[in-house]
Amino acid sequence: MTDTKLALVGNLQKTLDAEKTAVATGIRGGMEALTDLGKRRLRQQVTRAGLGERLAKTWRGKVYPGARVETFEPAGVIWSKAPHIVRAFSEGRPIRSKASGGWLAIPTDLAPPTRKRGARRKRMSMDDFLDEFGMDSLRVFAPPGRGRRVLYAVADKGFRRGRGKRGGGRTTRVKGKIKAEPLLMYVLVKQVRLRRVLNVDTVERGLVRLAPEYITKRIIGGLSDDQ
């Protein structure tokens, strides 16, 4: 009689252990699915805002602890490898010059393309422009009616409007019938405010609402498979 009781207890323990493992696996599976969903939604938010695939792919997701550790409290973590950029577009932060009392020089479509390697489709910064073409290559002045809030930097010599498909400013030889024309290369402002185009909190709240459903489905599915 004693041997029979011990056998029943042993089988029950195995069953309980299997159920415990199935529940832990289900919880982890739900958390992994939620983490992947959150990462996808945040990446989609970035691309829909027009901020490009490169920034979108900075979102990463991982579940802790590792898959080999059995736990009932796994944690899903989602983060960006470019947190300062994401935060700026989430909060609509103002951007100012790093120099005290300085100006931000915003290139126009007429500024020459940068010659720096790896910087595709970007315009030359005003500092690079002055380094390459000389300190007297730009004339800076306050446009009428704008006070001192905005300044224009115009190139009067050696440039004309681009004629190719890409347009943009470009250097040209001033001789014969080819004449230079004044081109607005940069607009200088004290600060610019980014539009708030990202909302990380909305994604987070959506994941919290979905968590019970995602986890419950995977626990039930795991238990039914084992039975």
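Is Arg28 buried or exposed? I looked this up at the start. Arg28 is buried, with a relative accessible area of 13%. The model is predicted, and I read every value below as computed from it.

**Entry: Arg28 and its surroundings.** I placed Arg28 in helix α1, residues 2-48. I then listed its contacts, leaving aside neighbours within four places in sequence. Arg28 touches Val63, Tyr64, Pro65, Gly66, Ala67 and Pro74.

**Entry: the partner of Arg28.** I found a salt bridge between the side chains of Arg28 and Glu32, at 3.0 Å, N to O. The two are four residues apart in helix α1, so about one helical turn separates them. Glu32 is partly exposed, at 33% relative accessible area.

**Entry: other salt bridges.** I noted four salt bridges in the structure. One of them joins the side chains of Arg139 and Asp156, at 2.7 Å, N to O. This pair links distant parts of the chain, 17 residues apart. Arg139 sits in strand β5, and Asp156 sits in the loop between β6 and β7. Arg139 is partly exposed at 41%. Asp156 is partly exposed at 32%.

I also checked helix α5, residues 200-226, where Glu213 and Lys217 lie four residues apart, about one turn of the helix. Their side chains meet in a salt bridge at 3.2 Å, N to O. Glu213 counts as partly exposed, at 39% relative accessibility. Lys217 counts as exposed, at 54%.

**Entry: a nonpolar patch.** I came back to Tyr64, a contact of Arg28. Tyr64, Val77 and Trp79 form a nonpolar surface patch, with about 250 Å² of accessible area together. Trp79 lies in strand β2, residues 75-80. Trp79 is partly exposed, at 34%.

How values were computed: Residues numbered from 1 in each chain as written. Predicted model: local features only at pLDDT ≥ 70, side-chain atom pairs only at ≥ 80, totals over all residues. Heavy atoms only, no water. Buried < 20%, exposed > 50% of the residue type's maximum accessible area, 1.4 Å probe, protein only. Contact = heavy atoms within 4.5 Å. Patch = residues over 30% accessible without salt bridge, like charges linked within 9 Å, V, L, I, M, F, W, Y side chains within 5 Å. Areas by Shrake-Rupley, 256 points an atom, 1.4 Å probe, with all protein chains shown as cover.
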